[in-house]
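Open the model in your viewer and keep the sequence panel beside it. This tour tells you what to select at each stop and what is there.

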Amino acid sequence: MSALTDLTVAEIRDGFRAGEFSAREVAEAFNANVSAAKALNAFIVETPEHALAAADQADKDRAAGSLKPLSGVPIGMKDLFCTTGVQTTAASQILEGFTPPYESTVSQKLWDAGAGMLGKLNLDQFAMGSSNETSYFGNVISPWRRGDGDNAALAPGGSSGGSSAAIAARLCPAATGTDTGGSIRQPAAFTGITGIKPTYGRCSRWGIIAFASSLDQAGPMAHSVRDCAIMLEAMAGFDPKDSTSLDLPVPLWEAGLSSDLRGKKVGIPKEYRVEGLDADVARVWDDGIAWLKDAGAEIVEVSLPHSKYALPAYYIIAPAEASSNLARYDGVRYGLRDLPDGANLQDMYAATRAAGFGPEVKRRIIIGTYVLSAGFYDAYYTQAQKVRTLMAQDFAKAFEGCDVILAPTTPSAAFALGENVDDPLKMYLNDVFAVPASLAGLPAMSVPGGLSKDGLPLGLQIIGPAFDEQAVLNAGLAIEERAGFKARPDKWW
Amino acid sequence: MSVDLTTVKKIASLARLAMSDDDAQALVPELNGILHWVEQLGEVDVTGVEPMTAVIPNTLRLRDDIVTDGDVRDKVLANAPQAEHGFFTVPKVIE
């Protein structure tokens, strides 16, 4: 039998049910991998006792015949989800030591489904970043390395970079992520794993530390499409505590999985075929098209004419919302307080925020404050929201002629840490293919498509119409079955 | 539009971010680069287009006007940097 830590969520669930191993054995195996992987810096806090307690409960439940959907499965929790009694920081100094007295809806649903927590996963500070280099708790190092003997430390993607690195390195079989402008899909693509951002509103935002509320959406990251379906079923569902939560039943996505795409149309957005597109990315995209054809789908060209405006619109809307959301960190109610000698209340606010926020967070707060300030609001913010309407209309029109859209997830494979930090614009361009679906609130996933010439994973992105996660998962499954992606990083950590 | 040192310092002050002149000066070219880049949105013809307010059509729900939470003062104060006598404590604001 292969190592327990090599198993998928479905294999752990089913093997545990069949009595092939105990939940405690699974939790102990993953706990051991977590504690032996400090070099990756994927976890901010490790919670082996939480994983063991859930495992012991699962073993009891199995004996009593009262199994839950995720009984026996330990997972990683992005440190953006508030967890009762366990430090929650958003990877920022301003929240160091913050211990929530309440549990986020999504994490509570996962515990209610029987899952256990291996620890809180590192991320870009306040989920602002594409490389996990903005965390106050240090960079996450990707377990992947280029195949040419170059030992440069690579970015695991971001913002869910602790989640992606931990799954790729077999420290957890699945993890939560959040996606504001690609933060689930881009790290999944960089590390050869699978991740889905559902329709905006599927997963409750309650208890998730806010970045940009009209875009933030939780979703699972895992080794397979099936695992994503299993996790998403546990995470999704109506929550009266989130005013934008969708009041819809949660579909049985796992039971609905089918890679037979006969009668389905797959749209290829011509605007994504940009000049100078990386040759490896183009090759994997072409492979994806061939695989979906092989699965029975018809390939059609679609047009998303406002695609080139997605990133500029995003970099107005997301910082604007962030500047408002992050106003709450004032040194009064929780987190860091910096009170210089003789400082008044206003000085304390400014000193606390200067000391507690990292440079990228400050940059975005400043941009957001500027675009919302008197005299500039209409020129920037209102214009961006109008362009966002046009982008959503582009997608609606495209989906009149196709069931899902296939595109690359990222414009390149993972880059080295430090390679893009001096140029914020260059870093932002990483999310050029991911941001449009975020602005339109649509379900989108990344599945591994192949390797670059350097031996690094490349992802294929499937975007679906609102509420149709099933179509996205099914196209993802068709690709997964044909891509035969088995590559994994050699253990060096 | 472009920003200068005075504007960056004003915005930092509005955002309650203490900032040295050197840090503010370093932000000037960065912000101008980003602002210049986002200004390409001005090319888009948005005549008659409504700004987006809800990405997925949804109506705000109303609930009964009843108490659903509360009586958790100590929990609310548990993470405060400074709390006394059941209150958050801040530097004196009234002379």
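**Stop 1: strand β7 of chain A**

Start with β7(A) and strand β9 (residues 404-408) of chain A: two bridges join them, and they run parallel. Helices (H or I, at least four residues) and strands (E, at least two) are DSSP runs, numbered from the N terminus. Two strands pair if DSSP finds at least two bridges between them. Pick A:G267; its bridge partner in β9(A) is A:I405.

A word on the model: it is predicted, local features need pLDDT of at least 70, side-chain atom pairs count only at pLDDT 80 or more, and totals for chains, interfaces and linings use all residues. Residues are numbered from 1 along each chain as its sequence is written, and chains are lettered from A and ligands numbered from 1 in the order in which they are written.

β7(A), residues 265-269, pairs with β8(A) in the parallel sense over five bridges. A:V266 has A:I299 as its bridge partner in β8(A). Show helix α8 (residues 279-294) of chain A as well: β7(A), α8(A) and β8(A) form a right-handed β-α-β unit. Right-handed means that, with the strands pointing away from the viewer, the path from the first strand over the helix to the second runs clockwise.

**Stop 2**

Select β2(A). Five of its five residues are buried, so β2(A) is largely enclosed by the rest of the structure. The cut-offs: a residue is buried if 20 or more other C-beta atoms lie within 10 Å of its own, exposed if 12 or fewer, and partly exposed in between, with C-beta atoms placed from the backbone. A:P74, A:G76 and A:K78 point one way, A:I75 and A:M77 the other.

β2(A) pairs with strand β3 (residues 116-121) of chain A, parallel, over five bridges. From β2(A) the chain crosses through α4(A) to β3(A), a right-handed β-α-β crossover.

Next, color α4(A), residues 105-112. Six of its eight residues are buried. They are A:T105, A:V106, A:S107, A:K109, A:L110 and A:W111. These buried residues pack against β2, β4 (174-179), β6 (217-222) and α7 (225-235) of chain A. After α4(A) comes A:G114, with a positive phi near 105°.

**Stop 3: a helix pair**

Select α7(A) and helix α15 (residues 469-483) of chain A. Their axes come within 9 Å and cross at roughly 155°. That makes α7(A) roughly antiparallel to α15(A), the term for angles over 145 degrees. α7(A) brings A:V225, A:C228, A:A229 and A:L232 to the contact, and α15(A) brings A:E469, A:L473, A:G476, A:L477 and A:E480. Contact here means C-beta atoms, placed from the backbone, within 7 Å.

**Stop 4**

Most residues other than glycine have a negative phi, and most peptide bonds are trans. Go to the peptide bond from A:G158 to A:S159: it is cis, with omega near 10°. A:S159 is in the loop between β3 and α5 (161-168) of chain A.

Buried or exposed: which is A:A127? With 30 C-beta neighbours inside 10 Å, A:A127 counts as buried. Its phi is positive, about 65°.

**Stop 5: chain B against chain A**

Finish by showing both chains. 39 residues of chain B are in contact with 57 residues of chain A. On the chain B side, α2(B) gives the largest share, seven residues.

Terms used. Contact = placed C-beta atoms within 7 Å. Axes fitted to C-alpha atoms, helices over the stretch in contact; angles between N-to-C directions. Parallel < 35°, antiparallel > 145°, perpendicular 65-115°, else oblique.
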